[in-house]
Amino acid sequence: MLLCLGAGVPASAPAFREAQAGDLVKNRKMPALDGRTESLLGTAKANVFVFFRPGQEFSTRALAQLAVIEEEVRGKSVRFVGIVSASDPLDEVRAMVRETGIRMPVLIDEGDELYGELGVVLHPSVGIADDRHRLSGFQPFRKINFPDAVRGRIQLALGEIDEARLAAILDPPAAPVASGGRAHARVKLARMLLQAGQIEQAIASAKAGIEIEPGLAEAHAVLAEALARAKRCEEAEREAEAAKKLAPPGQLVAAVRCEGR
């Protein structure tokens, strides 16, 4: 079984060597990190399972991004689980869960049976099975556009977008360097600052992105999240509403929850 690091993987690269879209994924009971037993798959329309490795930079980055998506799709028919090998140091796995903020249960693949059954070739990799437990898609990690690719595959499983829209998400046109590229860079920095707990700096970076490209929905969404974290609720709601109005059809915009009222 070949297990490789995921880095800069092209959109066409496979995540699983022994499984293809449409294949039935065998459901099974697996021991969980918290000592309970959990099913690999459930009845959700989108069953998302994530193979990752502790101590790996790309796995850490991917889990932090997936933690954001978990919040975005809360209330939808989406179920997440993480998968680690039984040979992975479980204390390191627990530390990684705390660091990245994921809420999904983490299942332990005893004997690497699931690894072998699917033929996992990259870490991290995301698989999505539908409510009939058929593999609807998989997404290996890539440095660019990974969270958008996962969002798109979830939306496809939920019936919110079609294959053409997913293809556009997986292979988007390059952003112009003069405006969109700089704006996206500011948004990316704002997200990193938020994850680091530097809220005021995140607000400033998101605002800078909006100054460069006022119509960028993602910049307004990040600013809304940062303002909510700062308990500036009215401003957060205004930015969240702007993000919803500016978002392309089918794009998920996370609801803002502000506890400062």
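Colleague: Before anything else, what does buried mean here?
Modeller: A residue is buried when its relative accessible area is under 20%, exposed when that value is over 50%, and partly exposed in between. Please also keep in mind that this is a predicted model.

Colleague: Fine. How much of the protein chain is buried, and how many helices and strands are there?
Modeller: Of the 261 residues in the protein chain, 48% are buried, and the secondary structure comes to nine helices and nine strands. Among contacts with a separation of 6 or more, 73% are between residues 24 or more positions apart.

Colleague: Let's look at H1. Which of its residues are buried?
Modeller: The buried residues of H1 are Phe58, Ser59, Ala62, Leu63, Ala64, Gln65, Leu66, Ala67, Ile69, Glu70 and Glu72. The helix runs over residues 57-72, and its 16 residues reach 23 Å from the first C-alpha to the last, which is close to the 22 Å expected at 1.5 Å a residue.

Colleague: And the nonpolar core, which residues have the most contacts inside the largest one?
Modeller: That core has 29 residues, and those with the most contacts inside it are Val48, Leu66, Val78, Phe80, Val106, Val126 and Ile154. At least two residues each come from strands E4 (46-51), E5 (78-85), E6 (106-109) and E8 (125-129), and likewise from helices H1, H2 (90-100) and H4 (146-158). The largest share, six residues, is supplied by H1. Apart from this core there is another, of 19 residues, which includes Phe16, Met30, Phe49 and Leu135.

Colleague: What is valine 78 in contact with, leaving aside its neighbours within four places in sequence?
Modeller: With those neighbours left aside, valine 78 is in contact with Ala44, Ala46, Val48, Val73, Ile154 and Leu158. As for E5, this strand is mostly covered, with seven of its eight residues buried.

Colleague: Switching to the sheet, what is the order of the strands?
Modeller: It is an open sheet of five strands in the order E6-E5-E4-E8-E9, and the pairing is mixed. E6 and E9 stand at the edges with a single partner strand each, so one side of each has no neighbour in the sheet. On average, and with direction ignored, neighbouring strands are turned by 25° against each other.

Colleague: Now the rings. How many aromatic pairs does the structure hold?
Modeller: The structure holds seven aromatic pairs. In one of them, the rings of phenylalanine 51 and tyrosine 115 have centres 5.0 Å apart and planes at 65°, so the pair counts as edge-to-face. Because phenylalanine 51 lies in strand E4 and tyrosine 115 in helix H3 (residues 113-118), this pair ties together parts that are 64 residues apart in sequence. Phenylalanine 51 and tyrosine 115 are both buried.

Colleague: What about phenylalanine 58 and phenylalanine 141, how are those rings arranged?
Modeller: Phenylalanine 58 and phenylalanine 141 form a tilted pair, 5.3 Å centre to centre with 35° between the planes. Phenylalanine 58 is in helix H1 and phenylalanine 141 is in the loop between strand E9 (135-140) and H4, so parts that are 83 residues apart in sequence are tied together. Phenylalanine 58 and phenylalanine 141 are both buried as well.

Colleague: Which residues do the ring pairs link into a cluster?
Modeller: The cluster consists of Phe16, Phe49, Phe51, Tyr115 and Phe138.

Colleague: Next, proline 172. Where is it found?
Modeller: Proline 172 is found in the loop between helix H5 (163-170) and helix H6 (177-195). Its relative accessible area is 39%, so proline 172 is partly exposed.

Colleague: Last one, H8. Which of its residues are buried, and what comes just after H8?
Modeller: In H8 (residues 217-229), the buried residues are Ala217, Ala219, His220, Val222, Leu223, Ala224, Ala226, Leu227 and Ala228. Just after H8, lysine 231 takes a positive phi of about 65°.

Technical notes:
Residues numbered from 1 in each chain as written. Predicted model: local features only at pLDDT ≥ 70, side-chain atom pairs only at ≥ 80, totals over all residues. Heavy atoms only, no water. Helix = DSSP H or I, 4+ residues; strand = E, 2+ residues; numbered from the N terminus. Expected span 1.5 Å × (residues − 1). Buried < 20%, exposed > 50% of the residue type's maximum accessible area, 1.4 Å probe, protein only. Core = buried A, V, L, I, M, F, W, Y, C linked by side-chain atoms within 4.5 Å. Contact = heavy atoms within 4.5 Å. Phe/Tyr/Trp six-rings, centres within 6.5 Å; stacked < 30°, edge-to-face > 60°. Pairing = 2+ DSSP bridges. Axes fitted to C-alpha atoms, helices over the stretch in contact; angles between N-to-C directions.
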